[in-house]
Amino acid sequence: MTNTQNQQKFDSYRSQYKNFIFDSFTYQLNPNKDLQISFYFSIDDVHHFEPTLTIPYREYYQSFLNTHAVAELETLIFHIGMVELVSYWKVACPKNIIIKPFALTASQIEFWKKIYFNGLGEFFYTNGIQTDLFTFVNITSESDKKFQTHHFQNSEIAIVPIGGGKDSNVTLSLANQLYQQTIPLILNPRGATLGCIEVAGFTRDQIIEINRTIDPNLLKLNAAGYLNGHTPFSALLAFITLLTGTLANIPHILLSNESSANEATIIGSEVNHQYSKSFEFESDFRDYVSQNLSDNFNYYSFLRPLSELQIAALFSKLTKFHPIFKSCNVGSKTDIWCCNCSKCLFTFTILSAFIPMGDLIKIYGENLFEKESLLSELKELTGITPVKPFECVGTTEEVNLALWKVIQLYNRQTKLPILLDFFKQSSIYNNIGQTDFDQFMSQYESEHFLSEKAITILKESVSWAL
C-alpha cells in the first residue's frame with residue numbers, strides 16, 4: 001500500500017472512529033499466587049480489546065502483599081495500561097483518547113502525548129502519515145481518582161531486565177560490582193533469555209518474570225488491513241519495572257541502553273526507532289515518576305556512557321554467553337540468528353572488531369560479510385543510504401569504525417569478503433585511521449544518571465577488555 005493510501009486510510013478512520021477509551025482494568029492479588037492483570041480498551045464501543053499481564057509469584061513480593069497497599073498497586077497497574085493502550089489506539093488512530101480509571105493533570109497529559117507521538121514516530125513515517133504533536137490526539141480523563149505515591153526503603157539490590165542480547169548480559173555481569181545482589185527480569189521468557197540467566201547462575205524461580213499477551217482482536221484487525229506499526233515497547237517495560245520493583249521493594253532498575261540509542265533513524269529528523277531507549281525518554285520518565293509516583297525510584301541505563309563498540313569489546317570477553325545470546329528479531333520466536341536481516345549484520349559487524357572471525361562464524365553459522373544479499377543493509381548501516389534500518393542498531397560511525405577495524409585484522413593473504421571489499425572501496429574507509437578508532441574507544445557519553453562508582457566500573461572494565 002502506498003503512503004498516499006495510508007494517509008487516506010488514517011484520515012478515513014479518524015472520521016469513522018471518534019474515541020479510544022481506556023475503560024478499566026482488573027487484577028487478582030492473592031498471597032502465594034500469580035498477579036493477573038487485564039486491561040479493557042475500546043474504540044467507539046465497536047472494537048474491544050483485553051490484553052493481559054501475568055506476574056508469577058515470588059517470595060520477594062510477600063512483604064508488599066501483606067501491607068494490602070491496594071491504592072499503590074492500582075496506580076502502578078494503571079500506568080502500564082497507559083502505555084499498553086497505544087498499541088491498540090494505532091489501528092484506527094481516533095482523535096480522542098478518553099481515560100476513565102484515574103484523573104490526569106495537564107502536565108501528565110503532556111507527558112503521555114509526547115510518549116505516544118515520539119514512540120509512534122516510526123509508525124507515522126513508515127505509513128506516510130502526516131500529523132503533529134499538537135493535533136494527532138486529544139487526551140481527557142473522566143475520573144477524580146488521584147495517584148498514590150510510594151517511597152522505597154533502602155535497598156542494595158538491583159533489577160536487570162534481560163533481553164537475551166549482548167548489552168543486558170554485559171550489565172548483568174558488571175552490576176554485582178555495584179550492588180550486593182542483582183535480580184534478572186524477563187518479559188515473555190524464551191530460549192535466549194532463559195539460557196543467558198542460566199549461564200549467569202540463576203534459576204527460573206530466582207528471576208522476576210512477566211508474561212504479556214496481545215488481544216487476538218488486534219491481530220485480526222491488522223490482518224484485515226487496519227493501520228499497524230512500531231510502538232514504544234521500552235516505555236512499557238519501564239512502567240512494568242516500576243510495578244515489579246515496588247512489589248519487591250527494589251528501587252534500582254539497570255537498563256542496558258547505550259549512547260547510540262539517541263541517534264535518529266532518519267538522518268536529519270527526530271524519527272527514532274529507539275526513542276523509548278533514548279536519554280530523552282529516560283530523563284522524562286525519571287522526572288514523571290519522581291513528581292507523581294515515587295521520590296526515590298532509580299531507573300537508569302547502566303551502559304548509557306558507552307558506545308556499541310565499547311560494549312562489543314566488553315562482551316567479547318564474556319565467552320560463556322557467546323553460544324547462547326541472540327539479538328535477531330526475525331528469529332526470536334525460533335531462537336535463531338536468521339543471518340538475513342540488518343540486526344544480524346549489525347551485531348556481526350560490531351563484534352567482528354573484537355571476536356576472531358572463526359569464533360564469530362561458530363556463533364552465527366556463516367560469515368555474513370560473504371553475503372551479497374546483505375549489501376543494501378550494509379549501505380543503510382554505514383550511512384551510504386540516508387535511512388538507517390528500523391532496528392536497535394548503533395550509529396553509522398560505530399559501524400564504519402568496526403568495518404575499518406576488521407579489515408585491518410583480516411589476513412593479508414586472504415581475499416576480502418564481498419561486503420568488506422565493497423566498504424574498502426568506499427570513500428568512508430579512506431577517511432578512517434587507527435587514531436580515529438582509538439579516540440572513539442576512549443570517549444564516554446556525558447549525559448547519564450550513573451554514580452561515580454558506576455562510571456569507574458565501566459571505564460575500568462572497558463580498559464581491561466581492550
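User: In this predicted model, at what angle do helix α12 and helix α14 pack?
Analyst: Two packed helices are described by the angle between their axes and the distance between the axes. Helix α12 covers residues 342-352, and helix α14 covers residues 375-382. Their axes lie 10 Å apart. The crossing of α12 and α14 is right-handed. The packing angle is about 65 degrees.

User: Which residues of α14 meet α12?
Analyst: On the α12 side, the contact is made by S342, L345 and F346. By class, the contact of α12 with α14 has four nonpolar, one polar and one charged residues. The α14 residues are E377, L378 and L381.

User: Why is α12 described as largely enclosed by the rest of the structure?
Analyst: Buried means under 20% relative accessible area. The buried residues of α12 include C344, T347, F348 and I350. These buried residues of α12 pack against α6, α11, α13, α14, α15 and α16. Helix α12 is largely enclosed because the buried count is eleven of the eleven residues.

User: How many residues of α11 are buried?
Analyst: Among the buried residues of α11 are E308, Q310, A312 and F315. The buried residues of α11 pack against α6, α12, α15, α18 and α19. Helix α11 is mostly covered, and its buried count is nine of nine.

User: Is T396 buried or exposed?
Analyst: T396 sits in helix α15. Not counting residues up to four places away in sequence, T396 touches E263, E380, L381, T382, G383 and K388. The cut-off for buried is under 20% relative accessible area. T396 has 16% relative accessibility, so it counts as buried.

User: What is the volume of the largest cavity?
Analyst: The count comes to one cavity of 30 Å³ or more. L29, K33, L35, I55, P56, Y57, Y61, L65 and L247 line the largest cavity. By class, that lining has eight nonpolar, no polar and one charged residues. The space in the largest cavity is about 50 Å³.

User: Which helices each supply at least two residues of the lining of the second largest pocket?
Analyst: The second largest pocket has a volume of about 240 Å³. Its lining includes S107, Q108, E110, F111, D284, D287, Y288 and Q291. The lining residues divide into three nonpolar, four polar and four charged. The helices that each supply at least two residues are α4 (106-119) and α10 (279-292).

User: What is the phi of D44?
Analyst: D44 lies in the loop between β2 (35-43) and β3 (47-49). At 23% relative accessibility, D44 counts as partly exposed. Phi of D44 is positive, in a residue other than glycine. The value is near 50 degrees.

User: Is C93 buried or exposed?
Analyst: The place of C93 is in the loop between α3 (70-89) and β5 (96-99). Phi of C93 is near 55 degrees, a positive value in a residue other than glycine. The relative accessible area of C93 is 0%, so C93 is buried.

User: How far apart in space are Y27 and I77, C-alpha to C-alpha?
Analyst: Y27 lies in strand β1. At 22% relative accessibility, Y27 counts as partly exposed. Leaving aside neighbours within four places in sequence, Y27 is in contact with L35, Q36, I37, V70, L73, E74 and I77. Y27 and I77 are 50 residues apart in sequence, and their C-alpha distance is 8.6 Å.

User: What distance separates the C-alpha atoms of N228 and N127?
Analyst: N228 is in the loop between α8 (216-223) and α9 (233-248). N228 is partly exposed, with a relative accessible area of 39%. Leaving aside neighbours within four places in sequence, N228 is in contact with K90, F123, N127 and N222. N228 and N127 are 101 residues apart along the chain, and their C-alpha atoms are separated by 8.3 Å.

Definitions and conventions: Residues are numbered from 1 along each chain as its sequence is written. This is a predicted model: local features need pLDDT of at least 70, side-chain atom pairs count only at pLDDT 80 or more; totals for chains, interfaces and linings use all residues. Side-chain values use heavy atoms; hydrogens and water are left out. On a 1 Å grid over the protein atoms alone, a cavity is a set of points where a 1.4 Å probe fits but cannot get out, and a pocket is an open set with protein on both sides within 12 Å along at least five of seven lines; lining residues have an atom within 4 Å of a point. Grid points are joined across faces, edges and corners, and a volume is the space filled by probe spheres set on the points. Ala, Val, Leu, Ile, Met, Phe, Trp, Tyr, Cys and Pro count as nonpolar, Asp, Glu, Lys and Arg as charged, and the others, Gly among them, as polar. Axes are lines fitted to C-alpha atoms, for helices over the stretch in contact, and angles run from 0 to 180 degrees between N-to-C directions. Helices (H or I, at least four residues) and strands (E, at least two) are DSSP runs, numbered from the N terminus. A crossing is left-handed if the near helix is turned anticlockwise from the far one by less than a right angle, and right-handed if clockwise. Contact means heavy atoms within 4.5 Å. Buried means under 20% relative accessible area, exposed over 50%, partly exposed in between (1.4 Å probe, protein chains only).
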